[in-house]
Structure formats: C-alpha cells, structure tokens
Amino acid sequence: MPKLLTARVLAPLLERHRDRLELDCVEGTSAGLLGRLAAHQLDAVLADQPVPPYLARSMRGRLLLKSGLSFVAAPHVCKTLSGDFPACLEGAPLIAGSADSPLSIAIDAWLAERGVTPRVVARCDDSALIKVLAQRGFGIACVPTVIESDVATQFGLQRVGRVPKLSELLYLIRPAGRHAHPLLDEIEAGAAGGAP
C-alpha cells in the first residue's frame, strides 16, 4: 500500500487520540499479514484487495477508500512528452509496480486498449521507491489521485494525466465475530463519513 494513502486513512484517528495511542504498523505480504490476523497477532490489516473467499467466514473487509489514478513525473520528464494524455505515454519511460499486482495488470490493460506502449524502465513492489525514482527523473509513476497533491509537494512531481476509470482500493480487514479493537470502528466510521 502507498504509505501516503495509509497515512491519509490513519491521520484522523491519530489526531483524535494523539496522547493516548501507540500505533504499531507492520508490513508484509497479504498472505503473511492475514495469517497473523487469523492468529490474533494483529488487530486489522490494510490491504489493496478484499478478503479472499476462503477467509470470508473468519474475516470481514470494508472498503475504506477508492481513488482514481494519476500519472506523475519530474518536471524535466514532463517537458519531453508530446501530445495529449495518454498518447504522450507512447515510448515514455514508466516506473511500474510489480508485474503480477492487480493494479499493474489493470494499468497495462488500460494502456493496451488505447494502443499505448510506454517503455518500462523499472518494476518495484515499494510505492515509495517508485516515487523516489520518479523524483530523480527516471520515469513516470502512477499514484492514487487522492494523494496526488501530497506526492507533488513531497517529491516535486507534476501531473501528466489522470485515469478515473482505474482505481486504487484500500480495505480494512478485521476478524469476524471476535471483539475488535474499538478504534477500528472509528476508522470505518471516518471512511463512511468521507473523512479519509
């Protein structure tokens, strides 16, 4: 999950409970984190995919955030692009996510439908690394539109174009039936109220 997206979802909770909360965030694969959740080692998992069907009885997931995608790049890379978006991506350097991620597959399909073939210069699992490589001018990155302005400010990137049809999703997955941490209800309520 992009760190800025995760921070956006958790920020209201941290603001409200600043003096009383110690948040323990861990990273890992979906399978590993869901295993730890099943073993009661975690209170919840933030993921870019819903609960797998085989875990539907023991876990429940809630869509917290859905965002379109923005292609962004360093200013000097933007100046080298010609034509309208997305045609300007033809042959342009692209820093992509891992080839087997659902989002990368969706982006590749969207580009193929438009007959656009960027030149993939790197594939990274880590969204922070993708942004740093884009900041250093190695290519164009794709980020959730909801954090585009944060990314632009933090990394000095400019928008190349937006794709509202493609979505970055953020789910909160928690145990079903087990007494959950009460702050998880606050996270879900914040999402329902549009806070994130």
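Q: How many aromatic pairs does the structure hold?
A: The structure, a predicted model, holds three aromatic pairs. Rings of Phe, Tyr and Trp (its six-membered ring) pair if their centres lie within 6.5 Å; planes under 30 degrees apart count as stacked, over 60 as edge-to-face and the rest as tilted.

Q: What makes the pair of Phe71 and Trp110 stacked?
A: The ring centres of Phe71 and Trp110 are 6.4 Å apart, and the planes meet at 25°, so the pair is stacked. Phe71 lies in strand β2 and Trp110 in helix α4, so the pair ties together parts 39 residues apart in sequence. Helices (H or I, at least four residues) and strands (E, at least two) are DSSP runs, numbered from the N terminus. Ring pairs also link Phe71, Phe85 and Trp110 into a cluster.

Q: Which strands form the open sheet, and in what order?
A: Four strands form it, in the order β1-β6-β2-β5, with antiparallel pairing. Two strands pair if DSSP finds at least two bridges between them. Strands β2 (residues 59-73) and β5 pair over four bridges. One example is Val72, whose bridge partner in β5 is Ala141.

Q: Why do β1 and β5 count as edges?
A: β1 (45-47) and β5 (141-144) each have a single partner strand, so one side of each is left without a neighbour in the sheet. The twist averages 30° from one strand to the next.

Q: Which strands does helix α4 touch?
A: Helix α4 (residues 102-113) packs on the sheet and touches β2, β5 and β6. Contact means heavy atoms within 4.5 Å. The direction of α4 makes about 150° with that of β6. Axes are lines fitted to C-alpha atoms, for helices over the stretch in contact, and angles run from 0 to 180 degrees between N-to-C directions.

Q: What makes Glu186 and Arg16 a salt bridge?
A: A salt bridge is a side-chain nitrogen of Lys or Arg within 4 Å of a carboxyl oxygen of Asp or Glu. In Glu186 and Arg16, the closest N and O atoms are 2.9 Å apart. The pair links distant parts of the chain: Glu186 is in helix α7 and Arg16 in helix α1 (residues 3-16), 170 residues apart. Glu186 has a relative accessible area of 25%, so Glu186 is partly exposed. Arg16, at 46%, counts as partly exposed as well.

Q: How many salt bridges does the rule give?
A: The count comes to eleven. Among them is Arg18 with Glu15, at 2.3 Å between the closest N and O atoms; both residues are exposed. Arg60, Arg174, Asp185 and Glu188 are linked in a network of salt bridges.

Q: Which residues touch the most other members of the largest nonpolar core?
A: A nonpolar core is a set of buried Ala, Val, Leu, Ile, Met, Phe, Trp, Tyr and Cys residues joined through side-chain atoms within 4.5 Å. The largest has 45 residues, and Phe71, Leu89, Ile140, Val151, Val160 and Ile187 touch the most other members. Strand β2 gives the largest share, six residues. A second, separate core of eleven residues includes Leu37, Leu42, Val45 and Ile173.

Q: How do you know whether Ile187 is buried or exposed?
A: Ile187 has 9% relative accessibility, so Ile187 counts as buried. Ile187 sits in helix α7 (residues 182-192). Not counting residues up to four places away in sequence, Ile187 touches Val9, Leu10, Leu13, Leu64 and Leu172.

Methods:
Residues are numbered from 1 along each chain as its sequence is written. This is a predicted model: local features need pLDDT of at least 70, side-chain atom pairs count only at pLDDT 80 or more; totals for chains, interfaces and linings use all residues. Side-chain values use heavy atoms; hydrogens and water are left out. Buried means under 20% relative accessible area, exposed over 50%, partly exposed in between (1.4 Å probe, protein chains only).
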